Amino acid sequence: MAWSASQYVKFEDERTRPARDLLAQVPMERIERAVDLGCGPGNSTELIIDRYGAAGVSGLDSDRDMLQAARKRLPGTDFVEADLSTWQPKQPVDLLFANAVFQWLPNHLDIFERLMDGLTPGGALAVQMPDNLTEPTHLLMEETAHAGPWKAAFEARSVRRAPLPAPSSYYSRLIGKARRVDIWHTAYNHPMADAAAIVEWVKGTGLRPYLDHAGEAHREAFLADYLARVEKAYPEMSDGRVLLRFPRIFVVAVKG
């Protein structure tokens with residue numbers, strides 16, 4: 001599945017806010033090396049650089065379009081193409097930062113345990129992931145998937161993302177290698193121009209596998225069906241806008 005940096009940054013401020021909130025809870029005042037895992041177009045990498053300086057900060061992603069955008073944004077920063085399911089730092093680093101990427105990897109608990117081994121003592125693994133599969137945006141993707149002429153493709157193979165483990169699972173798996181594990185949820189409420197803006201938002205992330213699976217021939221009809229459902233689920237507020245509720249989970253594990 002290919003990603004689109006231009007689609008992603010249409011809502012850059014809203015997408016970057018959780019990264020700001022995550023970075024604010026990273027306890028180190030100084031670092032020598034940090035890696036932005038799943039750096040996307042470099043918006044989260046830029047936050048790390050703003051706080052700690054550019055020296056020793058790098059990013060990685062598996063998508064070439066995202067990497068191209070990141071390199072254009074931060075030309076002096078090292079960005080590499082890598083697969084997070086197998087990647088491990090060659091030498092210990094002080095900060096491994098991941099903004100909205102590990103929800104796509106069902107075995108990320110195993111990956112987190114491995115990544116803890118790549119931290120310096122006192123270093124931090126800082127992760128944020130959407131935890132919104134029970135929100136209308138995602139439930140309606142499933143409704144649309146099974147409602148049109150494309151439904152046979154989804155009956156043969158589901159593209160629904162696996163639910164995240166319970167917070168207790170993150171704590172139990174990480175505390176053996178950490179002196180502190182902080183876990184919290186934040187539910188953001190984003191005012192959006194209209195229901196179509198919500199669809200534009202999810203086209204850059206959660207809706208992409210559904211559109212890919214439905215096929216190019218069904219793309220516009222799929223979007224129209226989904227938009228009609230979103231319009232019913234997100235009524236207008238007094239100023240004509242709609243409110244998008246977006247829960248996210250945050251994990252900061254500090255190595256012992």
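## Helix α3

A residue counts as buried when its relative accessible area is under 20%. By that cut-off, seven of the ten residues of helix α3 (residues 43-52) are buried in this predicted model, so the helix is largely enclosed by the rest of the structure. The buried residues of α3 are Asn43, Ser44, Thr45, Leu47, Ile48, Ile49 and Tyr52. Just after α3 comes glycine 53, with a positive phi of about 95 degrees.

## The sheet

Seven strands make up an open sheet of mixed pairing, in the order β3-β2-β1-β4-β5-β7-β6. Strands β3 (78-81) and β6 are the edges, each pairing on one side only. From one strand to the next, the twist averages 15 degrees.

Strands β4 (residues 93-99) and β5 run parallel and are joined by six bridges. Within this pair, alanine 98 stands opposite valine 127 of β5. Two helices are placed against the sheet. Helix α4 (residues 64-73) packs on the sheet where it touches β2 (57-61) and β3, and its direction makes about 175 degrees with that of β3. Helix α5 (residues 108-116) lies across β1 (34-37), β4, β5, β6 and β7, and runs at about 155 degrees to β5.

Strand β5 (residues 119-130) pairs with β7 in the antiparallel sense over seven bridges, and alanine 126 stands opposite valine 252 in β7. The pairing of β7 with strand β6 (residues 178-192) is also antiparallel and covers 14 bridges. One of the facing pairs there is methionine 192 with valine 242 of β7.

## Helix α11

Helix α11 (residues 219-233) has 15 residues and spans 21 Å from its first C-alpha to its last, close to the 21 Å expected at 1.5 Å a residue. Its buried residues include Phe222, Leu223, Tyr226 and Val230. Seen down the axis of α11, the buried residues fall within an arc of 95 degrees, so they line one face of the helix. The face turned away from that buried side carries Glu220 and Lys232, which are exposed.

What do the buried residues of α11 pack against? They pack against four helices: α6 (136-145), α7 (151-156), α9 (195-203) and α10 (208-214).

## Histidine 213

Histidine 213 is placed in helix α10. Its relative accessibility is 18%, and therefore histidine 213 counts as buried. Not counting residues up to four places away in sequence, histidine 213 touches Ala153, Phe154, Arg157 and Val159.

## Nonpolar cores

In soluble globular proteins, nonpolar side chains tend to be buried together. The largest nonpolar core here has 50 residues, of which Leu95, Leu207 and Phe222 touch the most other members. Leaving aside neighbours within four places in sequence, leucine 95 is in contact with Leu23, Val26, Met28, Arg33, Ala34, Val35, Ile48, Tyr52, Leu119, Ala124 and Ala126.

Ile48 and Tyr52 are buried residues of α3, and Phe222 is a buried residue of α11. Ala126 stands opposite valine 252 in β7, while Val127 of β5 stands opposite alanine 98.

Notes:
Residues numbered from 1 in each chain as written. Predicted model: local features only at pLDDT ≥ 70, side-chain atom pairs only at ≥ 80, totals over all residues. Heavy atoms only, no water. Pairing = 2+ DSSP bridges. Expected span 1.5 Å × (residues − 1). Buried < 20%, exposed > 50% of the residue type's maximum accessible area, 1.4 Å probe, protein only. Arc of directions from axis to C-beta. Contact = heavy atoms within 4.5 Å. Axes fitted to C-alpha atoms, helices over the stretch in contact; angles between N-to-C directions. Core = buried A, V, L, I, M, F, W, Y, C linked by side-chain atoms within 4.5 Å.
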